[in-house]
Amino acid sequence: MIQENIRNFSIIAHIDHGKSTLADRLLQITGVVSERDFVEQFLDRMDIERERGITIKAQTVRMPYISRGGKKYILNLIDTPGHVDFTYEVSRSLAACEGALLVVDASQGVEAQTAANALLAMENNLAIIPVINKIDLPGADIERTKEEIEEGLGIDASEAYLISAKTGEGVQELIEAIIEKIPPPSGDTESPLRALIFDSWYDRYRGVCVLIKVVEGSLKRGDKIVLMAGGKEFEVEEEGYFQPDPVIVDRLSAGEVGYFFASIKDPRDARVGDTVTLAKKGARIPLPGYKEPKPVVYTGIFPVDGGEYERLRDSLEKLRLNDPSIYYEPETSKALGFGFRCGFLGLLHLDIFKERLEREFGLGIIATAPSVAFKVVKKDNEEICIKNPSEMPPAVQIDHIKEPYVNAVIISPSEYTGEIMELCQERRGEMKSMTYMSPTRVEFIYHLPLSEIIFDFFEQLKSRTRGYASFDYEVAGYKPSDLVKVDVLIANETIDALSFIIHKDKAYKRAREIVKKLKEIIPRQLFEVPIQAAIGGRVISRENIRALKKDVLAKCYGGDITRKRKLLEKQKEGKKRLKALGKVEVPQEAFIKILKV
Amino acid sequence: MVKLKSLKKLLLRSLKFDRGSDKVSLYLHFPFCKKKCSYCDFNSVSLKEDFEKILDNYIKIMVDEFFNLYSFLSESTVSTLYSGGGTPSYAGYRAVSKVLESVKSYLNFSELREATFEANPDNVDASIAEGFKEAGFNRISIGAQSFSDEELKTLGRIHNASDIENAIANAKKAGFDNLNLDLIYGIPGQTVSSFKDSLEKALSYKPEGISCYSLTLSSGNLFYESYKRGELKLLDEGVLEEMYRLACEMLKAHGYSHYEVSNWAKPGFECQHNIRYWRREPYISLGAGASSFLPPLRFRNEDFPINYALKESSVELKYSIDLVEGESEALEKLYLFLRTRDGISIEDLFDFQEKYWPSIFDIARSLEIMGYLCFEGKNLCATEEGWFKLDRIVIELTSGARAKV
């Protein structure tokens, strides 16, 4: 296939704006998936993806197409995750494309994720085709949507394609537009091989499956290759493309997108962003790679049953094979035993990860409240990264602390302007801009501390705007901040799993909340239990749990000992499920509740 | 649930009872009352019509149960006898002695040390007291509960404070020189000072024993129902604790020894029958829903009093059984023995440590520091503070978890 007839493109859209439906329709129209085999949202293969209606991992599919002009084309659809937690994956996918379809729901208009992903596409110099979807819905407002694309995204919307992915209306024209408006790839097929690894995953039977876009040259079966970052050599055993099932070919040339297996056992050898070249007569300069994403949200993950530690570790390793952006290291907690400190690109990333651990590996896990990675600059100028409040150095050594900030995009009907500004102010936000995309819709850009949005921000935003606002963010560096570490003491013992780092102005309120919550859920003990929150040695909040009182003085009826023993045996059973918080024991469920405060 | 004949086979197979050397206690259950009290969750009923007829048949089945089930115990030595309820005094001494007469010649009563009957203050008249005395009883336990008429009314009792006084007088007149008074604390509306009044009043009669039970709600009693509906306000736990401490102090000051969680007695007058329950000595019971223990089996027939009385023969009775072995046995020993003043032997604890609860000594030591337990000679005992929270202490001891100070 000559390059002239290849089109590599992605679809970018806000969640629920119809990206997957459009992909399905394309597969159907090009005949790649027959009506009979059609499972809705074909590209979303993971259960969680299908249930949540989002894409997590990039997928690719090759579609043959004969244009109205009678020419044969190959259309490579490279799917992108819709959520910015996965910006990293989006940018990877986009780097393999020459163009993107920007899909906007005609009744919803431009939303925060649309904006974030459109910017990424622009950064990658892609040809962007605006698409207005769901025009068959009664609430569709095409003119307003066009206005928002123009005003909000700065993209010429006059030629936006109007479609209904659901009914198929306008999709044929859209495919013609892909051919017409997206440029073909342009790499030289005669140059030494340079192929960009834009995804890889581990296959239990075959080793690592490497997803590539051949930028220059070509790759044949049996070729001896080098992965340039690590310099390791492998031999290509199988190559091909997805349609959407794998189709084996002998050669992939410049402009083509496909996969190969080369008996790579260690996924770290096939790093995403690396360049593949030939062992002999290879290229000397690698393609520009990706910046590796840095986790910004951290949480402790512990097995509910301590005996499952090994299995948890194996599961983490397996998940990381498919998602190298996950970070983890062993962690021990006095309260929770052995577990791992895990880092994620964002909250959704973390959520999905937890769900996969539970669902795919059947593990019972306890996750501590998520926290962000702070940076502490010590008096000796050393800068350390604090992934866990317990790593905080003593106050005397600290010069200042920095916390990560995000640029948040919030798009909402203009009537909620007041509510949004109030919320962002409560969360220590600083407004960067406020733009009317249309007379009724407004876009805010806020500079917000990440730590302020990981607790309940999105929920609050939704409830204060009756679900109309959309929100997206991108991590935007560190800034010094007036932060303190708050320790929680139960019966005068610091409970490491409950320590947190917070802005000084908010420490008292949150300390009070936690202490109160603990008082509610810790069962009474044989002794009085003080619960305290403290900054350094200074107690800022305190409650007491009164000691357990009588429980035995009832009359033992007619020598009926059995009833009493059964009662004790039942209580004993209950006690086995308790977690020790220092001297105090609380039911497992209660403990999880505290961690979620 | 097993039928009487199967139970008998099980007993014969597993029994560790030696008729020559082991002693047994006998309990006679008369689960009839004039009126069921609001706090009562015992297996008892109030009857009016047909009482005589039902009682007659009830007695017949009791005797029948004895001969059918316990024939293998014939000539065993009975060490204590106890008749409770319900209200044995309401059933009358004739009914009780009728059962006794029937079984007497098959058991050896020559070493009987103590024979108690429970009585309601409203029906201990001179003839009843004398009747029980004649039937061989030497100890009377009167359910006084409180000396405040208002509190008695709250409890749903049919007697008043002056009934108690009469009952005591009649019992003494009939020659009872071992008298126990039951008191209840935690009655809705009760105060520390009204409880103190009741204690003082009780002490003024110089009974040989006093029991103080904390009011307990359990599903099945009227109090529980009205508590659930929000109509009943229970006393604050702090107040209950104060009442318990008050009882401990006052009774000690009057020379009573605290020999079990809820029981006090003048030295030498501790209730031998109950002590045998707590020390896991064998006992057999006759009557509806009464529990028996012939190691290693605990069992009880599962019948309501009326159903029991309506049986043609005791072979129709069905029993629930509980084989107490291994860790269950250890747990039972621990919580029963710790109820008593003597506590549990360190030898037993070593055995438990080895077999079931490796950290029991460590935990016991920390509970000792907290003042709930104490090692005395060869035994581990609960303190008065410990008794107040004994359930939790037993769970701490047996769960292997930490209980540091």
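This is a predicted model: local features need pLDDT of at least 70, side-chain atom pairs count only at pLDDT 80 or more; totals for chains, interfaces and linings use all residues.
Local features need pLDDT of at least 70 and side-chain atom pairs count only at pLDDT 80 or more, whereas totals for chains, interfaces and linings use all residues; side-chain values use heavy atoms, with hydrogens and water left out. Residues are numbered from 1 along each chain as its sequence is written, and chains are lettered from A, and ligands numbered from 1, in the order in which they are written.

**Salt bridges in chain A**

Over all chains, the search finds 47 salt bridges (a side-chain nitrogen of Lys or Arg within 4 Å of a carboxyl oxygen of Asp or Glu). Select A:Lys213 and A:Glu98, whose closest N and O atoms are 2.2 Å apart. A:Lys213 belongs to strand β8 (residues 207-216) of chain A and A:Glu98 to the loop between α3 (87-95) and β4 (99-105) of chain A, so the bridge ties together parts that are 115 residues apart in sequence. Helices (H or I, at least four residues) and strands (E, at least two) are DSSP runs, numbered from the N terminus. A:Lys213 is buried at 7% relative accessibility, and A:Glu98 is buried at 13%. The classes are buried under 20% relative accessible area, exposed over 50%, and partly exposed in between (1.4 Å probe, protein chains only).

Next, select A:Arg206 and A:Glu238, whose side chains form a salt bridge of 2.5 Å, N to O. A:Arg206 lies in the loop between β7 (194-203) and β8 of chain A, and A:Glu238 in strand β12 (residues 238-242) of chain A, so this pair ties together parts that are 32 residues apart in sequence. A:Arg206 is partly exposed, at 32%, whereas A:Glu238 is buried, at 12%.

Move to B:Arg280 and B:Glu332, which meet in a salt bridge at 2.8 Å, N to O. B:Arg280 is in the loop between α11 (272-278) and β12 (283-286) of chain B, and B:Glu332 is in helix α13 (residues 326-339) of chain B, 52 residues apart. B:Arg280 is buried at 12% relative accessibility, and B:Glu332 is buried at 0%.

**Helix packing**

Select helix α1 (residues 19-29) and helix α6 (residues 171-181) of chain A, which pack at an angle of about 85° with their axes 11 Å apart. Axes are lines fitted to C-alpha atoms, for helices over the stretch in contact, and angles run from 0 to 180 degrees between N-to-C directions. The two helices are therefore roughly perpendicular (65 to 115 degrees). Contact (heavy atoms within 4.5 Å) involves residues including A:Leu22 and A:Leu26 of α1(A) and A:Leu174 and A:Ile175 of α6(A).

**Surface patch**

Display A:Met421, A:Met431, A:Met434 and A:Tyr436, which make a nonpolar surface patch of about 330 Å². Strand β25 (residues 430-438) of chain A gives the most to the patch, with 3 residues. A:Tyr436, found in β25, is partly exposed at 41% relative accessibility.

**Backbone features**

Finally, select B:Pro295 and B:Pro296, joined by a cis peptide bond with omega of about 5°. B:Pro296 lies in the loop between β13 (291-294) and β14 (297-301) of chain B. A:Asn492 has a positive phi near 65° and is exposed, at 52%. Most residues other than glycine have a negative phi, and most peptide bonds are trans.

Technical notes:
Patches are made of residues with over 30% relative accessible area and no salt bridge: like charges are joined within 9 Å, nonpolar side chains (Val, Leu, Ile, Met, Phe, Trp, Tyr) within 5 Å. Accessible areas come from the Shrake-Rupley method with a 1.4 Å probe; for residues, only the protein chains shown count as cover. Angles under 35 degrees count as roughly parallel, over 145 as roughly antiparallel, 65 to 115 as roughly perpendicular and the rest as oblique.
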